[in-house]
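I opened a notebook page for this chain and wrote down what I looked up, in the order in which I looked.

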Amino acid sequence: MSETPSPGASYASAGVDIDAGDRAVELMKEWVKKTQRPEVLGGLGGFAGLFDASALKRFERPLLASATDGVGTKVDIARRLGVYDTIGHDLVAMVMDDIVVCGAEPLFMTDYICVGKVHPERVAAIVKGIAEGCVLAGCALVGGETAEHPGLLGPDDFDVAGAGTGVVEADRLLGADRIRTGDAVIAMASSGLHSNGYSLVRHVLLNQAGLDLEARIEELGRTLGEELLVPTKIYSLDCLALTRTTDVHAYSHVTGGGLAANLARVIPDGLHAIVDRSTWTPAPIFDLVGKTGQVERLELEKTLNMGVGMIAIVPEESADLALETLADRGVEAWVAGEITERGDYATGAEMVGDYSV
């Protein structure tokens with residue numbers, strides 16, 4: 001008596017498609033090549049990315065700076081709209097603009113993409129965005145990982161994360177110890193919401209108000225989805241250019257926690273940063289979130305960047321040159337405040353006044 005054998009289990013039947021993963025790697029190779037620096041050895045597909053450390057011999061005492069981050073729930077907007085080639089810019093900005101804060105030159109980055117199901121073209125589009133972001137940051141994309149997690153993520157779900165490394169000469173390290181009373185606080189405009197606070201934004205605009213991502217919002221001048229997917233501005237090369245022309249004392253990358261909290265991270269004990277809201281007008285998206293959700297101003301400021309993505313602290317006498325340097329690079333910037341003695345202030349940074357309208 002014979003029995004028909006039942007097919008055995010396989011990785012594919014469990015939901016993991018190795019062939020699709022290989023196809024995704026082939027599609028992304030051309031974009032990764034565009035990020036290469038002379039120090040990068042080998043190509044995509046090895047077990048580890050290689051970077052020639054002998055390039056650091058030009059430094060007397062090189063300090064390596066590293067950072068890792070993701071883009072949070074902004075990926076949900078990309079998934080809903082089926083737009084995957086901008087989210088990589090956000091990832092690079094979140095990682096490399098943290099690194100440049102200490103004055104470090106971005107060197108290389110790796111990425112991690114986790115998906116419920118590998119759609120090769122979709123993964124390649126994500127990597128394309130990461131590669132384009134790396135070019136804007138001046139760093140190489142030396143490797144990464146695409147993981148397929150069926151059963152944990154839905155077929156269209158995904159998340160991204162990245163890690164980066166930079167280098168700075170020890171005696172050119174920027175930070176709190178350089179800041180002095182009277183220094184100017186220079187604000188650099190954000191491109192929009194960037195990649196923070198999207199849990200609040202989604203809750204207010206999509207869940208509470210039920211707004212359609214594809215609906216045109218007159219005050220925004222485009223659809224809501226287009227506004228929410230505006231890539232995070234990458235300031236890395238702009239900040240490096242500023243350090244070459246100006247005596248920069250410190251930078252602060254305005255991300256989760258808002259402007260005041262992130263600025264306070266680089267203010268030394270005994271000093272205080274005062275930021276005047278009246279020196280700029282936040283973009284309409286911030287007002288839309290606030291009014292739609294009846295979100296109090298302090299709550300908005302603790303969650304969103306409110307129009308400022310990066311802060312530079314420079315000597316007062318260097319402020320004009322700093323603004324000129326940034327303007328030459330197409331970066332909108334202005335003097336937004338100053339450094340004072342701490343006095344009775346409880347925190348290292350405070351926002352005063354009302355926003356300009």
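**Entry 1: the chain as a whole.** I began by noting that the model is a predicted one. I counted eleven helices and 14 strands in the protein chain, and I found that 51% of its 357 residues count as buried. The exposed surface comes to about 16,600 Å², and carbon and sulfur atoms supply 51% of that area. I then looked up how far along the sequence the contacts reach: of those between residues at least 6 apart, 85% join residues at least 24 apart.

**Entry 2: the six-stranded sheet.** In which order do the strands of the open sheet lie? I read the order as β10-β12-β7-β13-β11-β14, with mixed pairing among the six strands. The edge strands are β10 and β14 (349-352), each of which pairs on one side only. On average, and with direction ignored, neighbouring strands of this sheet are turned by 25 degrees against each other. I also noted that helix α7 (residues 236-245) packs on the sheet, where it touches β7, β10 and β12, and that the direction of α7 makes about 165 degrees with that of β10.

I next went through two of the strand pairs. Strand β10 and strand β12 (residues 308-314) are antiparallel and share four bridges, and in this pair His-253 stands opposite Met-310 of β12. Strand β7 (residues 184-189) and strand β13 (residues 333-341) are likewise paired in the antiparallel sense, over five bridges, with Ala-333 of β13 as the bridge partner of Met-188.

Entry 3: His-249 sits in the loop between α7 and β10, and because its relative accessible area is 8%, it counts as buried. Which side chain does the side chain of His-249 meet in a polar contact? I found that of Asp-183, at 2.7 Å. Leaving aside neighbours within four places in sequence, the residues in contact with His-249 include Leu-174, Arg-178, Ile-179, Ile-313, Val-314 and Pro-315.

Not counting residues up to four places away in sequence, Gly-182 touches Glu-316 and Ile-339. I also looked up a pair that is 159 residues apart along the chain: the C-alpha atoms of Gly-182 and Glu-341 are separated by 8.9 Å.

Entry 4: Does the span of α3 agree or disagree with its number of residues? At 1.5 Å a residue, the 13 residues of α3 (residues 87-99) should span 18 Å, and its end C-alpha atoms are 19 Å apart, so the two agree. I found α3 mostly covered, with twelve of its 13 residues buried; among them are Ile-87, His-89, Asp-90, Met-94, Asp-97 and Ile-99.

In helix α9 (residues 284-293) I listed Ile-285, Phe-286, Leu-288, Val-289 and Gly-290 as buried. The cover over the buried residues of α9 includes α5 (198-208), β8 (216-217), α6 (224-228) and α10 (297-303). Just after α9, Gln-294 takes a positive phi of about 50 degrees.

**Entry 5: positive phi values.** His-194, in the loop between β7 and α5, has a phi near 60 degrees, and at a relative accessible area of 1% it is buried. Met-306, in the loop between α10 and β12, has a positive phi of about 60 degrees and counts as buried at 5% relative accessibility.

Definitions and conventions. Residues are numbered from 1 along each chain as its sequence is written. This is a predicted model: local features need pLDDT of at least 70, side-chain atom pairs count only at pLDDT 80 or more; totals for chains, interfaces and linings use all residues. Side-chain values use heavy atoms; hydrogens and water are left out. The expected span of a helix is 1.5 Å times one less than its number of residues. Buried means under 20% relative accessible area, exposed over 50%, partly exposed in between (1.4 Å probe, protein chains only). Two strands pair if DSSP finds at least two bridges between them. Axes are lines fitted to C-alpha atoms, for helices over the stretch in contact, and angles run from 0 to 180 degrees between N-to-C directions. Contact means heavy atoms within 4.5 Å. A polar contact is a pair of N or O atoms within 3.5 Å; within protein, one must be able to donate a hydrogen and the other to accept it, and residues adjacent in sequence count only if both atoms are side-chain atoms. Accessible areas come from the Shrake-Rupley method with a 1.4 Å probe; for residues, only the protein chains shown count as cover.
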